[in-house]
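Thanks for making time this morning.

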Amino acid sequence: MTERAGDTAGKAATIRDVAACAGTSIATVSYVLNNKSRYLRPELRERVLAAAQELGYVKNAAARSLKGLQRGILAVLVPQFGNNFFTRMCVEIEAVAQRAGFVVTICNSDENPVQERAIIERLLSQRIDGCILSPALSRTESAALLERARVPYVILERTMGTAVPDHDFVGHDNFQSGYIAAQALLDAGHRRIAFLGWDSPIANINDREQGYRAALAEAGVAIEPGWVLTGSLSEDEGRRLADRLPVGQVTAAVLATHHTMAKGVLMSLQDRGLRWPQDLSLVLIGTPEWVDLVRPGLACVERPEREMGHAAAALLLEKLKRPDYRQAKLVLPTRFIPGGSIRPIKIPETSGANA
């Protein structure tokens, strides 16, 4: 190839850039990228495709750089549309955007980075004005693609650390969620408290466990082996976690799981004839749609879904007016909602020891 990707840094790649990088003509690049039926040497076709990938080329992406051009279309891409944590944010984002005169396209990556990239490429080819992205598994490739295409974007909830510096971020305090859930159980006198969560590659998801650990450490409670249980996102996995829960050894548990996992945990406890709060006190992080149907009602940590959606939409709209606008990363607080799933027990006289 005759030109490196770095030579076009800072601007959206054009078909001319791809042709220069592949060392061929614009017409040949057009034939390859538009899948036109013309014989080309396989080596040449592969060279063009490799150049397009290296440069992050997306058809029509360059049109977005035309000064003043807006189509009135925003995109929202979330990893779990079936999770009402994300759907509630999407509803608020759409409401804010519509009031500003924008149409919103909402997409679901299903925690699949490959699917997410394909969606982003299609959205860019349709010349979206901006994007709110909650990246699958906190991967950074799609954010980099938006950056290269010079499309304003806001990262929602899924942190990307230092891999993509200076990105705009709106999320909530996962550490606080784990901390206040554990603290509510500690305040009720519990000292043997388990933690059930998602074994996730996403850094801020794991902050929930760190918050739980911090609360117990402050209370002088040593976490025993088998108290912290994590697994994948499914109802069956929630059942398996509940089956491994050392009921009898622990008196309480923080359910820091995905809503489907949490449902599996509760169903397994019921199948085993265990009751909350008599046999096990519980605090659930999150407020899934079915939570109001559970009896006794669960104590929950409510996350600020609508506030997050509103803040992300407002930030993106501001960036559309001022592309260079940057806001400090916004992390919103959570709050504890009491319920009937916590049984007060007598706090032992030697409060520094496990009870």
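Let me begin with a question: in what order do the strands of the open sheet with mixed pairing stand? The order is β7-β6-β8-β9-β10-β12, six strands in total, where two strands pair if DSSP finds at least two bridges between them. Before I go further, please keep in mind that this is a predicted model, in which local features need pLDDT of at least 70 and side-chain atom pairs count only at pLDDT 80 or more, while totals for chains, interfaces and linings use all residues. Residues are numbered from 1 along each chain as its sequence is written, and side-chain values use heavy atoms, with hydrogens and water left out.

The protein chain has eleven helices and twelve strands, which are DSSP runs numbered from the N terminus, H or I over at least four residues for helices and E over at least two for strands. Of its 355 residues, 51% are buried, meaning under 20% relative accessible area with a 1.4 Å probe and protein chains only, whereas exposed is over 50% and partly exposed lies in between.

Strands β6 and β7 run parallel and are joined by four bridges, and Trp198 stands opposite Gly231 in β7. Helix α9 packs on the sheet, where α9 touches β6 and β7 and makes about 160° with the direction of β7. Helix α8 (residues 203-218) lies across β6, β7, β8 (252-256) and β9 (281-285), at about 170° to β6.

Which residues of α9 (235-244) are buried? They are Glu237, Gly238, Leu241 and Ala242, and they sit on the same side of α9 because they cover an arc of only 145° around the axis, the arc being that of the directions from the helix axis to the C-beta atoms. These buried residues pack against β6 (193-198), β7 (228-231) and α10 (259-271), with contact meaning heavy atoms within 4.5 Å.

The other open sheet that I want to show also has six strands, in the order β2-β1-β3-β4-β5-β11, with parallel pairing. At its edges stand β2 (103-108) and β11 (330-332), each with a single partner strand, so one side of each is left without a neighbour in the sheet. Strand β1 pairs with β3 (residues 130-133) in the parallel sense over four bridges, and Leu74 has Gly130 of β3 as its bridge partner. Helix α4 lies across β1, β2, β3, β4 (153-156) and β5 (169-172), running at about 170° to β1.

In the loop between β1 (73-78) and α4 (84-99) we find Asn83, which is buried at a relative accessible area of 8%. Leaving aside neighbours within four places in sequence, Asn83 is in contact with His258 and His259.

Finally, how many disulfides does the structure hold? There are zero, a disulfide being a pair of cysteine sulfur atoms within 2.5 Å. For Cys107, the closest cysteine sulfur is that of Cys131, 8.2 Å away and too far for a bond.

Notes. Axes fitted to C-alpha atoms, helices over the stretch in contact; angles between N-to-C directions.
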